[in-house]
Amino acid sequence: MTVNKMDMKNINDMPLTWRHIYIVSVASLGQLIGTAVATVAGVIIPMMNILAHPELSTFMQGLIGCIDLIGIAVGSVIFGSLSDKYGYLFFFRFCPALILVASLIALFIPDVAILTIALFFIGLGIGGEYSLDSGYVSELMPVKYRPLMVGVTKTASALGNIIAAALCFWMIIDTKNAADWHLLMWIIAAIAALMLILRIKFYESPTWLLNHGKVAEAEKAVQDFLGKDVMISVPAPKSSDSNDNDKKAETLPKSDSANLLSFIIKNGKRVILSGVPWACEGLGVYGIGVFLPILVMALGLEHFTPGEPEILHVASSVEITLYISCIMLPGFILGLWLINKKKSITAIQSVGFWLCAATLVLLLLSYHFNWNKWISIGAFMGFELFLNMGPHLITYVLPPKIYPVETRGEGVGIAAAIGKIGAVLGVFFIPILLKAGGATLVLIVSIAVMAIGAIVTNIYGRLVKN
């Protein structure tokens with residue numbers, strides 16, 4: 001069936017349809033599996049501690065917790081660069097396949113060293129996901145809904161925490177055997193398999209095709225994605241004069257943004273505003289997130305009867321982790337609502353950091369004075385609510401808004417790199433802090449880091465127009 005040109009809808013201003021929702025759902029699974037891996041790793045560590053005599057060293061606990069983050073940092077650079085050169089679609093399928101293979105290896109070969117290596121390769125695949133999912137979503141959504149749908153994609157990370165925590169709790173209660181820790185990798189394998197299946201019938205990025213001169217293929221891809229009555233705006237061909245100007249431009253010296261150091265110096269305020277809070281947020285999302293079951297035990301919040309098997313001790317802490325994780329999704333929804341209300345994103349981030357610090361102070365006081373454990377659980381839930389409402393969501397949205405188009409890619413990349421450094425350090429040092437000063441030291445350091453994030457946002461949010 002042919003469609004009259006007059007009846008065609010432009011991809012940029014068409015209404016939102018179920019096909020858009022499907023694209024967002026498929027792309028969002030990358031964010032979902034990223035937090036699911038962190039949750040599963042956080043449950044595996046205390047299960048290994050039951051089996052290990054003596055317990056896993058703090059170094060190994062930190063390494064297992066952060067190795068997938070290192071993989072994410074590497075994978076986002078590698079697969080981001082390769083997809084720019086060779087197209088999105090192959091890597092959009094290859095990344096879940098890599099995650100699936102690595103998780104199956106860890107599942108069938110239950111060894112600490114194998115698990116660590118597998119988590120690194122799982123992180124590589126997730127890093128590729130992070131470099132591709134927002135690209136697909138942003139280019140295929142109508143302009144009116146683009147920021148909201150990119151935010152919805154990020155919101156799927158909350159579902160990853162909830163689903164993984166629920167499945168871990170169910171599997172632990174079912175097996176009641178710490179030696180079955182490797183079976184938890186079924187969770188990651190199943191999600192990766194679902195991702196791969198859903199992407200079999202997916203298509204190449206229309207924008208990538210346009211940028212490589214494949215106009216007919218780009219038009220077909222848009223129609224495959226959104227329907228035969230949808231069209232994409234094709235840039236007008238450059239005139240010979242513009243080609244001459246391009247050639248002249250190529251002979252000019254590279255701008256400061258081509259040099260990392262000069263770029264950072266030139267954009268110092270933007271780098272600080274987008275990078276430092278992201279690093280601070282990384283401690284909360286990954287440091288506390290990965291070790292949440294262990295922190296729940298350290299704070300004495302789980303239900304545990306003396307004399308019961310130690311694995312039930314872990315199961316109870318995972319149950320409390322599930323309660324706490326369920327508040328993450330409302331946090332994201334609240335943040336999206338505030339963004340949709342055109343509230344200042346730096347104000348949302350700053351208030352979020354301060355409220356995170358306040359809830360951790362309440363948690364510290366409750367622990368120190370031995371208040372009712374539900375006060376502590378409520379404080380923990382408040383922390384997750386405000387973390388995901390503000391810093392976790394806004395650090396994803398802020399960098400693209402504060403950099404001009406010509407330097408946006410490099411600026412966002414630097415911010416993400418600083419954020420991942422903070423996440424890796426947070427995860428690695430949490431078990432060291434626990435051993436050195438228990439839950440009290442972890443909470444004090446976390447309060448300080450949240451306050452630093454708020455202060456930096458307050459100072460530089462006023463200096464950088466956003």
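**Salt bridges and a helix pair**

Modeller: Let's begin with R199, which is buried at 0% relative accessibility (buried means under 20% relative accessible area, exposed over 50%, partly exposed in between, with a 1.4 Å probe and protein chains only). This is a predicted model, where local features need pLDDT of at least 70 and side-chain atom pairs pLDDT 80 or more, while totals for chains, interfaces and linings use all residues. Residues are numbered from 1 along each chain, and side-chain values use heavy atoms, without hydrogens or water.

Biologist: Which residue forms a salt bridge with R199?

Modeller: E129 does, with the closest N and O atoms 2.5 Å apart (a salt bridge is a side-chain nitrogen of Lys or Arg within 4 Å of a carboxyl oxygen of Asp or Glu). E129 is in helix α4 and R199 is in the loop between α6 and α7, so the pair ties together parts 70 residues apart in sequence. E129 is buried too, at 0%.

Biologist: How many salt bridges does the structure hold?

Modeller: It holds 3. One of them joins K9 and D229 at 3.2 Å, N to O, and these residues are 220 apart in the chain. K9 is partly exposed at 29%, and D229 is partly exposed at 25%.

Biologist: And where do K220 and D224 sit?

Modeller: Both are in helix α8, 4 residues apart, or about one helical turn.

Note on methods. Helix = DSSP H or I, 4+ residues; strand = E, 2+ residues; numbered from the N terminus.
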